[in-house]
Amino acid sequence: MDRESAPRCDTAHHRHLHPAWGVAAIAFLVLTVAAGARAAPSALIDSLQTEFGWSTAQISLAITVNLLCYGLTAPFVAALIQRFGIRRITFAALALVGAGSGLSVLSVRPWMLVVTWGLLIGLGTGAVALVFAAAVVDTWFARRRGLVMGILTAGQSTGQLVFLPVVANLTESVGWRWATLVLAATALVLLSAVRWLRGDPEQLAVVPFGAPPGWHTPPRPRGNPAAAALHTLRIASRSKTFWSLMAGFAICGATTNGIVGTHFIPSAHDHGMPQTTAAGLLAVVGIFDVLGTIGSGWLTDRLDPRVLLGIYYAGRGVGLAALPFLLGASVQPPMILFIIVYGLDWVATVPPTVALCNEAFGDRGPIVFGWAFASHQVGAAIAALAAGVVRDVTGQYTFAWFAAAALCGVAVVISFAIRRGPVADIER
């Protein structure tokens, strides 16, 4: 019996749990480990400076390359997943993360850090980032897409929550090299679970969760995946909606991964806070990010995504403007409030952004989101490097926090200016 005549509906009815949820669970673990590897350098900055005497800007360059690779792989990974399937891309990504983390222990020059943490880990984590999550949702779910996208996005926060305190404590107790080796081992162990990933529901003779009977997997596109990604960029870039999504998500990256994810720990340390305490606070952001992102996915299924984005960016801007006045040697209640609010807001922007991409660009939505995610990481990379330069020049991060708050105000305006509905002038 071929795939077209397989008894999809009967098989689905006899399963207690739809296999889409198993795929989502594995994807969640992959996203968690990748996020932990990507976030780890922020807990290593002080140790690298102490051992090698490198400046904040030199170390930030490696993180900048990481963020650029992390983002610029996204649109091409979306096309590669469509061409070769989820499992092959995930296996290659985890292998890169494991290799980059393991080889980083040999770094004795800044350029070596750029190659390992910047290039290898950036490419690996970029291949299993939010575009990977969007591909899983698009392939395996016809209903609950906003909710599932929120859950998978929260996997990145879980990685931060789980790995940042571990990395910080290992760095202080046994050294930064052992911390990176733990990350490498975790990525390589997870490779064994990748074999359970399936590229599409028809491989298991089922329909996506919530899909009607008789559904069929769309044929995989043929041809060069890079050319497909670039072609989508060319035709999507004709619309104002595309550029609004790109600009807003670039600001999102600058004000999360770029400045807070990279520089919160060293900035808190400048104010006398122990590094492990600052890492713990950043991990707590991850706890509330899980709640905020899942809640955002639920809201995205019900409310105007533009309104949600405007609210999220406004709250983020207020928090960043207040942060320089909250940092100190000890953790006070206002700082706890900042951590809670910022955590709820951290990547709550993702589900409404994915929804707007799919609404405007249809079946090209995942690749368009890949380009939006690329802009997210370009914004993050610029902010990471710029904040490091501000710290080296002024001796503090204050001006960087204020600039990030101002950018959030710009994002509010952009969000409300996005037009709803399909883009009329794009080639279908």
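**Terms and their grounds**

Tutor: The protein has an average pLDDT of 82, and 91% of the residues score at least 70; pLDDT is the predictor's confidence in each residue, from 0 to 100. Over residues 1–15, the pLDDT is below 50, and this stretch has 23 contacts in the model beyond near neighbours in sequence; a contact means heavy atoms within 4.5 Å. This is a predicted model, in which local features need pLDDT of at least 70, side-chain atom pairs count only at pLDDT 80 or more, and totals for chains, interfaces and linings use all residues. Residues are numbered from 1 along each chain as its sequence is written, and side-chain values use heavy atoms, with hydrogens and water left out.

Student: Why does serine 296 count as buried?

Tutor: Buried means under 20% relative accessible area, exposed over 50%, and partly exposed in between (1.4 Å probe, protein chains only). Serine 296 has 0% relative accessibility, so it counts as buried. Its place is in helix H14 (residues 275–300); helices are DSSP runs of H or I with at least four residues, numbered from the N terminus. Not counting residues up to four places away in sequence, serine 296 touches Leu308, Tyr312, Ala348, Pro351 and Pro352.

Student: Why is the pair of phenylalanine 325 and phenylalanine 402 called tilted?

Tutor: Let us begin with another pair. The whole structure has 10 aromatic pairs. Rings of Phe, Tyr and Trp (its six-membered ring) pair if their centres lie within 6.5 Å; planes under 30 degrees apart count as stacked, over 60 as edge-to-face and the rest as tilted. Phenylalanine 249 and phenylalanine 369 form a tilted pair, at 5.8 Å centre to centre and 50 degrees between the planes. This pair links distant parts of the chain, with phenylalanine 249 in helix H12 and phenylalanine 369 in helix H18, 120 residues apart. Phenylalanine 249 and phenylalanine 369 are both buried. As for your pair, the ring centres of phenylalanine 325 and phenylalanine 402 are 6.1 Å apart and the planes are at 40 degrees, so the pair is tilted. It too links distant parts of the chain: phenylalanine 325 lies in helix H15 and phenylalanine 402 in helix H19, 77 residues apart.

Student: What makes phenylalanine 325 count as exposed, and what does phenylalanine 402 count as?

Tutor: Phenylalanine 325 has 65% relative accessibility and therefore counts as exposed. Phenylalanine 402, at 34%, counts as partly exposed.

Student: How many cavities of 30 Å³ or more does the structure hold?

Tutor: The structure holds 3 of them. On a 1 Å grid over the protein atoms alone, a cavity is a set of points where a 1.4 Å probe fits but cannot get out, and lining residues have an atom within 4 Å of a point. The second largest cavity has a volume of about 60 Å³, a volume being the space filled by probe spheres set on the points, which are joined across faces, edges and corners. Its lining residues include Ser244, Phe249, Tyr313 and Ile418. H12 gives the most to this lining, with 4 residues.

Student: Which classes make up the lining of the second largest cavity?

Tutor: That lining has 6 nonpolar, 4 polar and no charged residues. Ala, Val, Leu, Ile, Met, Phe, Trp, Tyr, Cys and Pro count as nonpolar, Asp, Glu, Lys and Arg as charged, and the others, Gly among them, as polar.

Methods: On a 1 Å grid over the protein atoms alone, a cavity is a set of points where a 1.4 Å probe fits but cannot get out, and a pocket is an open set with protein on both sides within 12 Å along at least five of seven lines; lining residues have an atom within 4 Å of a point. Helices (H or I, at least four residues) and strands (E, at least two) are DSSP runs, numbered from the N terminus.
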